Amino acid sequence: MHIILFGPPGVGKGTQAENLSKEFVVPQVSTGDMLRKAIKDGSELGLKAKKYMDKGELVPDDLVLKMVQIRIQEDDCKNGFILDGFPRTIPQAEELTSIVLANNIPKFKCIEISVPDDIILERLKMRGRKDDQLNTIKKRLVVYQKQTYPVKEYYKKVKRFYKIDGNKSIEEVYNNLKEVINI
Ligand code: AMP
(Lines give C-alpha, C1' and ligand atoms only; values in the text may rest on other atoms or scores of the structure.)
Protein backbone atom coordinates (compact mmCIF):
# COMPACT_ATOMS: atom_id res chain seq x y z
CA MET A 1 0.00 0.00 0.00
CA HIS A 2 1.50 3.30 -1.14
CA ILE A 3 -0.67 6.29 -0.44
CA ILE A 4 -0.60 9.98 0.25
CA LEU A 5 -3.10 11.27 2.79
CA PHE A 6 -3.83 14.74 1.58
CA GLY A 7 -5.56 17.70 3.18
CA PRO A 8 -4.94 20.83 5.25
CA PRO A 9 -3.65 20.74 8.83
CA GLY A 10 -6.29 19.57 11.29
CA VAL A 11 -8.20 17.34 8.92
CA GLY A 12 -7.38 14.10 10.76
CA LYS A 13 -4.61 12.78 8.51
CA GLY A 14 -2.40 11.87 11.44
CA THR A 15 -5.05 9.86 13.28
CA GLN A 16 -6.11 7.98 10.16
CA ALA A 17 -2.51 7.34 9.10
CA GLU A 18 -1.73 5.90 12.51
CA ASN A 19 -4.67 3.47 12.35
CA LEU A 20 -3.95 2.42 8.76
CA SER A 21 -0.32 1.90 9.67
CA LYS A 22 -1.26 -0.54 12.42
CA GLU A 23 -3.74 -2.54 10.35
CA PHE A 24 -1.69 -2.76 7.15
CA VAL A 25 1.73 -2.86 8.83
CA VAL A 26 3.24 -0.12 6.69
CA PRO A 27 4.89 2.92 8.24
CA GLN A 28 3.33 6.32 8.57
CA VAL A 29 5.76 8.81 7.14
CA SER A 30 4.81 12.17 8.59
CA THR A 31 7.16 14.95 7.54
CA GLY A 32 5.71 17.20 10.28
CA ASP A 33 6.52 14.59 12.97
CA MET A 34 9.98 14.00 11.51
CA LEU A 35 10.73 17.72 11.52
CA ARG A 36 9.44 18.15 15.08
CA LYS A 37 11.69 15.29 16.15
CA ALA A 38 14.66 16.90 14.38
CA ILE A 39 13.99 20.08 16.35
CA LYS A 40 13.75 18.15 19.61
CA ASP A 41 17.00 16.33 18.86
CA GLY A 42 18.66 19.66 18.09
CA SER A 43 19.97 18.39 14.73
CA GLU A 44 21.19 20.70 12.00
CA LEU A 45 18.01 20.00 10.02
CA GLY A 46 15.93 20.82 13.10
CA LEU A 47 17.66 24.15 13.60
CA LYS A 48 17.10 25.11 9.99
CA ALA A 49 13.48 23.91 9.92
CA LYS A 50 12.42 25.56 13.17
CA LYS A 51 12.43 29.13 11.93
CA TYR A 52 10.04 28.27 9.10
CA MET A 53 7.78 26.08 11.21
CA ASP A 54 7.43 28.65 13.96
CA LYS A 55 6.14 31.11 11.39
CA GLY A 56 3.73 28.61 9.83
CA GLU A 57 5.72 28.58 6.60
CA LEU A 58 6.86 25.55 4.64
CA VAL A 59 10.34 24.22 5.20
CA PRO A 60 12.36 24.55 1.94
CA ASP A 61 11.94 21.70 -0.54
CA ASP A 62 15.58 20.62 -0.60
CA LEU A 63 15.62 19.96 3.16
CA VAL A 64 12.31 18.07 3.15
CA LEU A 65 13.16 16.07 0.04
CA LYS A 66 16.48 14.88 1.40
CA MET A 67 14.78 13.74 4.59
CA VAL A 68 11.96 11.89 2.75
CA GLN A 69 14.30 10.25 0.23
CA ILE A 70 16.33 8.75 3.05
CA ARG A 71 13.26 7.68 4.99
CA ILE A 72 11.41 5.86 2.21
CA GLN A 73 14.49 3.90 1.24
CA GLU A 74 14.55 2.30 4.64
CA ASP A 75 13.63 -1.38 4.97
CA ASP A 76 10.25 -0.94 6.60
CA CYS A 77 9.01 1.05 3.59
CA LYS A 78 9.52 -1.90 1.22
CA ASN A 79 5.87 -2.92 1.24
CA GLY A 80 4.48 0.55 1.32
CA PHE A 81 4.15 3.81 3.14
CA ILE A 82 1.50 6.26 4.20
CA LEU A 83 2.65 9.76 3.45
CA ASP A 84 1.17 12.31 5.81
CA GLY A 85 1.97 15.96 5.17
CA PHE A 86 4.01 15.25 2.04
CA PRO A 87 4.11 16.31 -0.79
CA ARG A 88 3.13 19.89 -0.07
CA THR A 89 4.56 21.59 -3.16
CA ILE A 90 4.74 20.76 -6.87
CA PRO A 91 8.53 20.11 -6.78
CA GLN A 92 7.93 17.65 -3.92
CA ALA A 93 5.19 15.90 -5.92
CA GLU A 94 7.43 15.73 -8.99
CA GLU A 95 10.25 14.18 -6.99
CA LEU A 96 7.86 11.65 -5.52
CA THR A 97 6.68 10.74 -9.02
CA SER A 98 10.26 9.93 -10.01
CA ILE A 99 10.56 7.67 -6.97
CA VAL A 100 7.24 5.95 -7.75
CA LEU A 101 8.25 5.40 -11.38
CA ALA A 102 11.78 4.24 -10.58
CA ASN A 103 10.44 1.68 -8.11
CA ASN A 104 7.52 0.48 -10.24
CA ILE A 105 5.09 1.21 -7.43
CA PRO A 106 1.61 0.09 -8.52
CA LYS A 107 -1.73 1.53 -7.40
CA PHE A 108 -0.20 4.69 -6.04
CA LYS A 109 -2.97 6.98 -4.73
CA CYS A 110 -3.38 10.47 -3.39
CA ILE A 111 -6.43 10.52 -1.11
CA GLU A 112 -7.81 13.81 0.09
CA ILE A 113 -9.64 13.97 3.40
CA SER A 114 -11.94 16.92 2.90
CA VAL A 115 -13.34 19.08 5.73
CA PRO A 116 -14.89 22.61 5.52
CA ASP A 117 -12.51 25.47 6.52
CA ASP A 118 -14.51 26.69 9.54
CA ILE A 119 -14.45 23.23 11.10
CA ILE A 120 -10.71 22.91 10.52
CA LEU A 121 -10.13 26.23 12.26
CA GLU A 122 -12.09 25.03 15.30
CA ARG A 123 -10.21 21.72 15.39
CA LEU A 124 -6.82 23.40 15.18
CA LYS A 125 -7.69 25.87 17.94
CA MET A 126 -8.64 22.97 20.18
CA ARG A 127 -5.46 21.00 19.42
CA GLY A 128 -3.32 23.68 21.06
CA ARG A 129 0.11 22.70 19.72
CA LYS A 130 2.86 25.36 19.66
CA ASP A 131 2.37 25.96 15.94
CA ASP A 132 -1.39 26.06 16.50
CA GLN A 133 -1.59 29.67 17.75
CA LEU A 134 -4.33 31.54 15.93
CA ASN A 135 -2.02 33.65 13.75
CA THR A 136 0.11 30.68 12.84
CA ILE A 137 -2.97 28.59 12.08
CA LYS A 138 -4.25 31.24 9.69
CA LYS A 139 -0.83 31.51 8.06
CA ARG A 140 -0.67 27.74 7.63
CA LEU A 141 -4.07 27.68 5.96
CA VAL A 142 -3.01 30.46 3.58
CA VAL A 143 0.21 28.60 2.80
CA TYR A 144 -1.88 25.50 2.17
CA GLN A 145 -4.12 27.30 -0.32
CA LYS A 146 -1.19 28.87 -2.14
CA GLN A 147 1.47 26.18 -2.21
CA THR A 148 -0.22 22.88 -1.47
CA TYR A 149 -3.55 23.18 -3.24
CA PRO A 150 -1.84 22.92 -6.68
CA VAL A 151 -0.57 19.49 -5.63
CA LYS A 152 -4.17 18.30 -5.72
CA GLU A 153 -4.53 19.45 -9.32
CA TYR A 154 -1.28 17.66 -10.11
CA TYR A 155 -2.68 14.31 -8.93
CA LYS A 156 -6.02 14.91 -10.65
CA LYS A 157 -4.18 15.38 -13.94
CA VAL A 158 -2.35 12.10 -13.61
CA LYS A 159 -5.57 10.36 -12.44
CA ARG A 160 -4.24 9.37 -9.07
CA PHE A 161 -6.57 11.56 -7.06
CA TYR A 162 -9.37 10.35 -4.75
CA LYS A 163 -11.42 12.29 -2.23
CA ILE A 164 -13.37 11.32 0.85
CA ASP A 165 -15.54 13.28 3.27
CA GLY A 166 -13.59 13.94 6.48
CA ASN A 167 -16.49 15.53 8.31
CA LYS A 168 -17.62 12.21 9.79
CA SER A 169 -16.65 10.03 12.71
CA ILE A 170 -13.10 8.66 12.83
CA GLU A 171 -14.47 5.14 12.16
CA GLU A 172 -16.55 6.20 9.15
CA VAL A 173 -13.64 8.11 7.62
CA TYR A 174 -11.44 5.08 8.22
CA ASN A 175 -13.86 2.72 6.47
CA ASN A 176 -14.22 5.07 3.52
CA LEU A 177 -10.45 5.29 3.29
CA LYS A 178 -10.17 1.53 3.14
CA GLU A 179 -12.76 1.39 0.35
CA VAL A 180 -10.68 3.79 -1.71
CA ILE A 181 -7.47 1.94 -0.92
CA ASN A 182 -9.04 -1.28 -2.23
CA ILE A 183 -10.10 0.21 -5.58
P1 AMP B 1 2.31 19.18 9.87
O2 AMP B 1 2.46 18.52 11.19
O3 AMP B 1 2.28 18.19 8.72
O4 AMP B 1 1.16 20.13 9.79
O5 AMP B 1 3.63 20.06 9.64
C6 AMP B 1 4.02 21.06 10.55
C7 AMP B 1 4.97 22.02 9.85
O8 AMP B 1 6.12 21.33 9.38
C9 AMP B 1 4.41 22.71 8.62
O10 AMP B 1 3.66 23.86 8.96
C11 AMP B 1 5.68 23.03 7.85
O12 AMP B 1 6.34 24.16 8.41
C13 AMP B 1 6.55 21.83 8.12
N14 AMP B 1 6.35 20.76 7.10
C15 AMP B 1 5.81 19.53 7.29
N16 AMP B 1 5.79 18.82 6.15
C17 AMP B 1 6.32 19.63 5.21
C18 AMP B 1 6.56 19.48 3.81
N19 AMP B 1 6.22 18.35 3.15
N20 AMP B 1 7.15 20.51 3.15
C21 AMP B 1 7.49 21.64 3.81
N22 AMP B 1 7.28 21.87 5.10
C23 AMP B 1 6.70 20.86 5.81
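A pocket, as the word is used here, is an open set of points on a 1 Å grid over the protein atoms alone, with protein on both sides within 12 Å along at least five of seven lines, and its lining residues have an atom within 4 Å of a point. The model examined is a predicted one. In its largest pocket, 39 residues form the lining, and Pro 9, Lys 13, Arg 127, Arg 129 and Arg 140 lie nearest the centre. The volume of this pocket is about 820 Å³. Several elements each supply at least two lining residues: helices H1 (13–24), H2, H6 (117–127), H7 (134–157) and H8 (170–181), together with strand E2 (28–30). By class, the lining has twelve nonpolar, 14 polar and 13 charged residues.

The largest pocket is also where the ligand sits. Around the ligand are 16 residues, and those that come nearest are Thr 31, Glu 57, Gly 85, Gln 92 and Arg 140. Helix H2 (residues 31–41) gives the most to this shell, with four residues. The shell has six charged, six nonpolar and four polar residues.

A backbone N or O atom of Val 59 is 3.0 Å from a ligand nitrogen atom, and a polar side-chain atom of Gln 92 lies 2.9 Å from a nitrogen atom of the ligand. For Arg 88, a side-chain N or O atom is 3.0 Å from a ligand oxygen atom. The ligand taken alone exposes 480 Å², of which the protein buries 95%.

The second largest pocket has a volume of about 230 Å³. Its lining includes His 2, Gln 69, Phe 81 and Ile 105, and by class it has five nonpolar, four polar and three charged residues.

Technical notes. Residues numbered from 1 in each chain as written. Predicted model: local features only at pLDDT ≥ 70, side-chain atom pairs only at ≥ 80, totals over all residues. Heavy atoms only, no water. Near = heavy atom within 4 Å. Polar contact = N/O pair within 3.5 Å; in protein donor to acceptor, adjacent residues only side chain to side chain. Areas by Shrake-Rupley, 256 points an atom, 1.4 Å probe, with all protein chains shown as cover. 1 Å grid on protein atoms, 1.4 Å probe; cavity = no way out; pocket = protein on both sides within 12 Å on 5 of 7 lines; lining within 4 Å. Sits in = over half its atoms within 2 Å of the grid points. Nonpolar A, V, L, I, M, F, W, Y, C, P; charged D, E, K, R; others polar. Points joined across faces, edges and corners; volume = space filled by probe spheres on them.
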